[in-house]
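The following exercises concern one protein chain.

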Amino acid sequence: MAKKNYVSIISKVMTVFLIIACAALAIAGYRAGIFESVETLQAFIGSAGLWGPLIFMFIQALQVIIPMLPGFVTCIAGALIFGPIAGFIYSYIGVCIGSVAAFYLARRYGTSLVKKFVKEETYNKYISWLEKGKKFDIIFLLAIFLPTAPDDVLCFVAGLTKIRWKKFVTIILLGKPFVIALYSVGTAGFSQILNFL
């Protein structure tokens, strides 16, 4: 019993440390102007050399938990930096990791922590979805497929419901590729049109 408590305390301390570290990195990046636009993000990732893909995936995961730029902006940046296929893969991995992390944090620490990551106005707008019971799973599934849905908020809200881990992860893994591919391929097509002109 004492061993379990010890492991639980270590787990909580590590989680808090990681949250603080991620928030500090997000703030530092924001102050440095990295997240001002696609161009500034592109320049930063491009200057990272071989570390670029890992840094980009980390930023993609982080922007789900701590929104710095709209998700479509980072997906577009990924396609411009790495090309449509590699950009899609890196965005997909990063966004899925961030989505699972947001769900985990909400499930483990509840409403009080979610409110620290989600604006009160946005939280109040989507928290009513919890009242839909089993219908939430269907609404969540459909929303994840929509390009305009606030995925980060929905992942936090999902963590407050009774949706099973397996179902959540399945929805994320199957739903995310469509939207990310839409941005990646769309960006590549638009770039080709501009080059042609």
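**Exercise 1.** Determine how the axes of helix 5 and helix 8 are placed relative to each other, and which residues make the contact.

*Solution.* The model is a predicted one.
Step 1. Helix 5 covers residues 84-117, and its axis comes within 7 Å of the axis of helix 8.
Step 2. The two axes cross at roughly 80 degrees.
Step 3. Angles of 65 to 115 degrees count as roughly perpendicular, and therefore helix 5 is roughly perpendicular to helix 8.
Step 4. On the side of helix 5, the contact is made by S99, A102, F103, L105, A106, R107, V114 and F117. Helix 8 contributes C155, F156, A158 and G159.

**Exercise 2.** Decide whether V114 is buried or exposed, and find its contacts beyond its neighbours in sequence.

*Solution.* Step 1. V114 is located in helix 5.
Step 1. The relative accessible area of V114 is 1%. Buried means under 20%, so V114 is buried.
Step 2. When neighbours within four places in sequence are left aside, V114 is in contact with A106, Y123, F156 and L160.
Step 3. V114 and V153 are 39 residues apart along the chain, and their C-alpha atoms are separated by 8.8 Å.

**Exercise 3.** State how many residues of helix 8 are buried, and what follows for the helix as a whole.

*Solution.* Step 1. The buried residues of helix 8 are D151, D152, V153, L154, C155, F156, V157, A158 and G159.
Step 1. This amounts to nine of the nine residues, so helix 8 is largely enclosed by the rest of the structure.
Step 2. For the protein overall, 41% of the 197 residues count as buried.

**Exercise 4.** Classify K176 as buried or exposed, and list its contacts.

*Solution.* Step 1. K176 belongs to helix 9.
Step 1. With a relative accessible area of 3%, K176 is buried.
Step 2. Apart from neighbours within four places in sequence, the residues in contact with K176 are Y92, V95, C96, S99, I144, D151 and I171. Among these, D151 is one of the buried residues of helix 8, and S99 of helix 5 also takes part in the contact with helix 8.

**Exercise 5.** Find how many salt bridges the structure holds, and describe the pair D137 and K167.

*Solution.* Step 1. There is one salt bridge in the structure.
Step 1. D137 and K167 form a salt bridge, and their closest N and O atoms are 3.0 Å apart.
Step 2. The pair links distant parts of the chain, with D137 in helix 7 and K167 in helix 9, 30 residues apart.
Step 3. D137 has a relative accessible area of 17% and is buried, whereas K167, at 31%, is partly exposed.
Step 4. K167 can also be placed relative to L141: the two residues are 26 residues apart along the chain, and their C-alpha atoms are separated by 9.7 Å.

**Exercise 6.** Identify the residues that make the nonpolar surface patch of about 460 Å², and the element that gives the most to it.

*Solution.* Step 1. The patch is made by L141, F145, L174, F178 and L182.
Step 1. Helix 9, residues 165-196, gives the most, with three residues.
Step 2. F145 lies in the loop between helix 7 (135-144) and helix 8 (151-159).
Step 3. The relative accessible area of F145 is 32%. Patches are made of residues with over 30%, and F145 is partly exposed.

**Exercise 7.** State what the secondary structure of the protein comes to, and what share of the contacts joins residues 24 or more positions apart.

*Solution.* Step 1. The protein has nine helices and zero strands.
Step 1. Among contacts with a separation of 6 or more, 75% are between residues 24 or more positions apart.

Technical notes:
Residues numbered from 1 in each chain as written. Predicted model: local features only at pLDDT ≥ 70, side-chain atom pairs only at ≥ 80, totals over all residues. Heavy atoms only, no water. Patch = residues over 30% accessible without salt bridge, like charges linked within 9 Å, V, L, I, M, F, W, Y side chains within 5 Å. Areas by Shrake-Rupley, 256 points an atom, 1.4 Å probe, with all protein chains shown as cover. Salt bridge = Lys/Arg side-chain N within 4 Å of Asp/Glu carboxyl O. Helix = DSSP H or I, 4+ residues; strand = E, 2+ residues; numbered from the N terminus. Buried < 20%, exposed > 50% of the residue type's maximum accessible area, 1.4 Å probe, protein only. Contact = heavy atoms within 4.5 Å. Axes fitted to C-alpha atoms, helices over the stretch in contact; angles between N-to-C directions. Parallel < 35°, antiparallel > 145°, perpendicular 65-115°, else oblique.
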